[in-house]
Amino acid sequence: MLHQKHQSAVPQKAGHVYLVNPVALVKQFASILLTVLVLFLAMWMVNGSGLLPRKSQLDNADSAIISTKARLATTSNQKRIAFVGDSSCLVNIHIPTMKDNGIEAINLGTLSFLGIDSFGLLAQRFCQNKPDAQIFLVLHPECIRMVASSSEHRKILVEALDQSTDGSTQFALSNLRRITVDDFSSRLFNGWLPTPIKGQLGYRYGFTDNLRNEILAAGGFMEETGRFDASVSLNSSEYRIARRIQSECTQFRSYLPKGVKVRLLVSPIPQSYATRGHEKRVLEMQSEIEKWIQADNPSVKMPSVLSDSNFGTVTHLLPNSAREYTRQLCFMLSQ
Amino acid sequence: MIFNSNIFLLFFSVVILLYWLVRNHQGHRDWLILIASFIFYGTWDWRFLCLLIITGWVDFFCAYKISTSQESTSKKRWFLLSILSNLGTLGFFKYAGFFLESAFHLLETLGIHLTRPVLAILLPAGISFYTFQALSYTLDVYRGHIKVETNPVKYFAFLTFFPQLVAGPIERASFLLPQFHETRCINESMVLRGVWFILWGFFLKVVIADYFAPLVDMVFNVNHLGGSVNILATLAFGGQIYGDFAGYSLIAIGLANTMGFELSRNFSHPYLASNIQDFWRCWHQTLSAWFRDYLYIPLGGDRLGSFRTFLNICLTFLLAGLWHGANWTFLLWGLCHGLALGCYRIWRTSRISSSIRIPHLVGWGMTMLIVSFGWLFFRAPSVSHAWAMIQAVKHLPAPSWSTDYAIAVSFGLLAVWVYDVFNRRFPWEKVIVWPWSMRVFVKSILLVLIIARWGKEPPSFIYFQF
């Protein structure tokens, strides 16, 4: 009713008028876009020219962990034992405790996304000129059932292992932003602008360069910062071996020189999360994987289930528990 | 749908295209703005859209009744109904949980133990903003400052105008509503200014605010970190909230400009202010003006002596704090600013102030100290958390990464300072006379920086929670 009254009182008017010269406006916008493209091109060319420092490997926590492990694998000439594997290896194997127990080892554990074959690349680098090297492959049941690995993570590892490789200048429209501004800013600020780590890890380690320094100082060990909460709903804990594992294990073994000893260690899970028969299932999986990686005897027998209070997450032990777990491992290895 | 998302860019492109098609018909234009605003708001939660429409209709109807009522008691009744509707909605959705929780806490300290009811009330996006805009409309109609709007489409287009619906600027009906009655003129300068503001707005949000966000979170989300990082995190939050909110306001103004509408300025380089009064003239200007006109002045303003002025300022700021959120931290933030501004007013009107001249740098430093202290409470999840952070500065060791933290925060603060200085030195009025190539170059640099920081999962704006 109100609306009708108003409409009858006001004559129809235009909504708005454009007092613009369309050609001039298009020229303005086109010149902005053109300048942006020129800037992108310039950045791409500078990236490829070698004028700027190398692209930073500390852009994010994953990249920092992987590149640090690549560095450790390359520089640990005095060590003969290396632990490679997923993040359960990274946070469960406490190298200072190993040292206290007379075992000189290095932790090359990274992330499950890399895939077992990529763990082999790290192990291969570690084994260079070390015919007597011993490799422990540490896998969590979660990693064993993971359906796919990440090619992006593998690429980071390959680049980190081979400093001369730098695929950033390879042109592809789909990664236009990465090869121009991302790489440019990474190179420009490389080394002097710290990159913060998001989430729980950030509260403990702060920045990627600090994470790298602390991992290096601890022989490759990283602390878990969370706290396992059994009340939070999780995936099923019925574990099985994913289809990709067999070929990745074969690939893993093929990277290692003959004579290098390989042993497998399956990481524990929280008690409340484990289903009945978990221990038996782990032994079955262990025996299959050992076959594929041609593991040396005897098998490493560590507890596959621990009480919940030891865990930061389903896959990671808390620092104190990691020390205790490593102590047990040292005892077991000395038998 | 947030401004810094791909879906919004698509949405706005479609709206602008349709906007061009409806240029010859004002009614169609208003309908288009209304529908676009409803879609924009409805993407958060369509139920809240219903709430917005219902409270909007109540205000529309009350304002109509106020203007047509002959008797003052009848006018007052309709006015009170509108106030009740707005504040009741705001009170229920925003403050019910807080007041109930506080009441139960008080009873428990008195030894009375009752079963606490579980309240799970979702906060509608931007409720504080649109409620205040609606309130200002009925208040102005009641006071006779503006004529009542009889066209519901224009009224709702004003109330829900999507560029400023969720986080302001809080517009007065006397400023924005008449624009819906006019044939808006979109000239080249307006479009270019709009684009300039949009680019700077996105720069502030995605380059500055989102840069600070992880730095702030890594300290404020825990309270066991000691040393300087707590102080630096508070400074970083000052940068983050400025980038976030000033960025939003600039984008809103820019979007409105490209549609031929003018919105009020909300920020004028506040971190260059040399006293707390100056700061509040430059920070969230539309909210400051709202509280000044509808609360501080009706309370007596500065007309009733120094003590009443002091009290009025403190009360106004306490309520401004409460406006931000239902938490004691916001009340403390408001109190901190109220006390500071009250003391400043007493100082300024005293005889000593005329004989002692505070150097600009000292004034600036003191202002930043007060403002940053306020930000500590504003960002901390609880008063006890804020207090723990204050104590941790002295009693807990600094984390191993505190040097990195200092470098990262300093870099961000430098960027904020450069932004403020640049924009004070070169406001749009000066930029428009720059050579064409110069403007294009600056815009291109901004665009490259925005593209570099544009995220796949963009973080939301801080002020959306208010």
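**Figure 1. Helix 5 of chain B in the predicted model**. Helix 5 covers residues 127-143 of chain B, 17 residues in all. From its first C-alpha to its last the helix reaches 24 Å, close to the 24 Å expected at 1.5 Å a residue. Helix 5 is mostly covered, with 15 of its 17 residues buried. Just after the helix comes B:Gly144, which takes a positive phi of about 80°.

**Figure 2. The two domains of chain B and the contact between them**. The domain assignment divides chain B into domain 1 (21-183) and domain 2 (189-465). Their C-alpha centres lie 26 Å apart, and the contact takes 35 residues from domain 1 and 32 residues from domain 2. Between them the two domains bury about 2,800 Å², 68% of it on carbon and sulfur atoms. On the domain 1 side, B:Phe98, B:Phe132 and B:Arg172 lose the most area to domain 2, together 21% of what that side buries.

**Figure 3. The salt bridge of B:Arg172 and B:Asp293**. The side chains of these two residues meet at 2.9 Å, N to O. The count between domain 1 and domain 2 of chain B is one salt bridge.

**Figure 4. The largest nonpolar core**. Of its 155 residues, B:Phe3, B:Tyr271, B:Trp283, B:Tyr405 and B:Tyr463 touch the most other members. Helix 8 (residues 188-220) of chain B supplies the largest share, 21 residues. Domain 1 and domain 2 of chain B each give this core at least three residues. A second, separate core has 83 residues, among them A:Phe83, A:Cys127, A:Leu139 and A:Val262.

**Figure 5. Surroundings of B:Tyr405**. Leaving aside neighbours within four places in sequence, B:Tyr405 is in contact with A:Phe207 and with several residues of chain B, including B:Leu215, B:Met218, B:Val229 and B:Ala233.

Conventions
Residues are numbered from 1 along each chain as its sequence is written. Chains are lettered from A and ligands numbered from 1 in the order in which they are written. This is a predicted model: local features need pLDDT of at least 70, side-chain atom pairs count only at pLDDT 80 or more; totals for chains, interfaces and linings use all residues. Side-chain values use heavy atoms; hydrogens and water are left out. Helices (H or I, at least four residues) and strands (E, at least two) are DSSP runs, numbered from the N terminus. The expected span of a helix is 1.5 Å times one less than its number of residues. Buried means under 20% relative accessible area, exposed over 50%, partly exposed in between (1.4 Å probe, protein chains only). A nonpolar core is a set of buried Ala, Val, Leu, Ile, Met, Phe, Trp, Tyr and Cys residues joined through side-chain atoms within 4.5 Å. Domain bounds come from an automatic or database domain assignment. Contact means heavy atoms within 4.5 Å. Buried area is the accessible area (1.4 Å probe) that two parts lose on being put together, summed over both. A salt bridge is a side-chain nitrogen of Lys or Arg within 4 Å of a carboxyl oxygen of Asp or Glu.
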